[in-house]
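Please look through the sequence and the model below.

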Amino acid sequence: MGNSYESLTVEVSDHVAQVTLIGPGKGNAMGPAFWAELPVAFEALDADPDVRAIVLTGSGRNFSYGLDVAAMGNTLGPIMADGALAKPRSDFHKHLKGMQHTVTAVADCRTPVIASIHGWCIGGGVDLIAAVDVRYASADAKFSVREVKLAIVADIGSLARLPLILSDGHLRELALTGKDIDAARAERIGLVNDVFDDAEASLAAAHATAKEIAANPPLVVQGIKDVLDEQRTAQVSASLRYVAAWNSAFLPSKDLTEGISAMFEKRAPDFQGE
């Protein structure tokens, strides 16, 4: 399988594939190429009988800064215009459902996925790791469900999938504050399975687990995933549909403009509830 992608690379060896986020945005930020290419890559890997486990990681010093807001401005722009009517809202809803599909392609992959997270994992990065089966982190990893800081209700999967991973209080604390947590806290609350000294050790552990899975009977492994996923598919799907409709109605606001402006200007936002 070649590396004919702009936002990621794919390498396969001994029944294990490694998918590495490579940007092109700073910190592997998720721009148009990511949203288009990730489902194609995962669907191809899932259809490959030689691939029995997948390791997902990020290149450079971070896993992902999350949504590349600047690169995705065309998606947000029309709905933020004053008096946006049904057409821009409908178009936004369609874009959003497509972005949800990108992450759902990882969750729906019958081949087990193990994430190795180092450095920052923000916003869309958390959406992505919430869709995998096993999460490992390096000691320097930091996590943030940061959408609230931009005046956005997280809508790509965190609020749908994290309730199945974290206890309610921990999830609400992260989502309502947008705070950063370190790897030790992430492990304590169950966001990650284990923490390792550095990115190399975390990635090695992910590959070790992937090899263990790959040595098991592949149809039974797929069956285990299928049975486990059956318990949550309807719940996650309903949550994604609801938030897509909610944001298409209520996302445009003065606070959203203020949140994005404050991020680019590197200052504290002043939200007014408008």
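A search of the whole structure, which is a predicted model, finds 0 disulfides. A disulfide is a covalent bond between the sulfur atoms of two cysteines. Cys109 takes part in no such bond, and the nearest cysteine sulfur, that of Cys121, is 19 Å away. Seen from Cys121, the closest cysteine sulfur is in Cys109, and the 19 Å between them is too far for a bond, because a disulfide needs the two sulfur atoms within 2.5 Å. Cys109 is buried, with a relative accessible area of 1%. Cys121 is buried too, at 0%.

Next comes the chain as a whole. Its secondary structure comes to 11 helices and 9 strands. The radius of gyration is 18 Å, close to the 19 Å that the globule rule gives for 274 residues, so the chain is as compact as a globular protein of that length. Along its principal axes, the C-alpha trace spans about 55 × 35 × 35 Å. Of the 274 residues, 49% are buried. Among contacts with a separation of 6 or more, 73% are between residues 24 or more positions apart. The accessible surface comes to about 12,800 Å², and 56% of it belongs to carbon and sulfur atoms.

One of the pairs is made by strand 2 (residues 16–21) and strand 3 (residues 53–58), which run in the parallel sense over 6 bridges. Thr20 stands opposite Thr57 in strand 3.

Ile79 is found in helix 2 (residues 73–80). Is Ile79 buried or exposed? Its relative accessibility is 0%, so Ile79 counts as buried. Leaving out residues up to four places away in sequence, Ile79 touches Ala84, Pro88, Arg89, Phe92, Asn247, Ser248 and Pro252. Ile79 and Phe92 are 13 residues apart in sequence, and their C-alpha atoms are 6.8 Å apart in space.

The last topic is the backbone. Most residues other than glycine have a negative phi, and most peptide bonds are trans. Where does the model have a cis peptide bond? The bond from Gly23 to Pro24 is cis, with omega near 5°. Pro24 sits in the loop between strand 2 and helix 1 (32–46).

Two residues with a positive phi complete the description. Asp14 is not a glycine, yet its phi is positive, at about 50°. Asp14 lies in the loop between strand 1 and strand 2, and its relative accessibility of 60% makes it count as exposed. Lys266, also a residue other than glycine, has a positive phi near 55°. Lys266 is in the segment after helix 11 (254–265). With 78% relative accessibility, Lys266 counts as exposed, because the cut-off for exposed is over 50%.

Definitions and conventions. Residues are numbered from 1 along each chain as its sequence is written. This is a predicted model: local features need pLDDT of at least 70, side-chain atom pairs count only at pLDDT 80 or more; totals for chains, interfaces and linings use all residues. Side-chain values use heavy atoms; hydrogens and water are left out. Two strands pair if DSSP finds at least two bridges between them. Helices (H or I, at least four residues) and strands (E, at least two) are DSSP runs, numbered from the N terminus. Buried means under 20% relative accessible area, exposed over 50%, partly exposed in between (1.4 Å probe, protein chains only). Contact means heavy atoms within 4.5 Å. The radius of gyration is taken over C-alpha atoms; the globule rule is 2.2 Å times the number of residues to the power 0.38. Accessible areas come from the Shrake-Rupley method with a 1.4 Å probe; for residues, only the protein chains shown count as cover.
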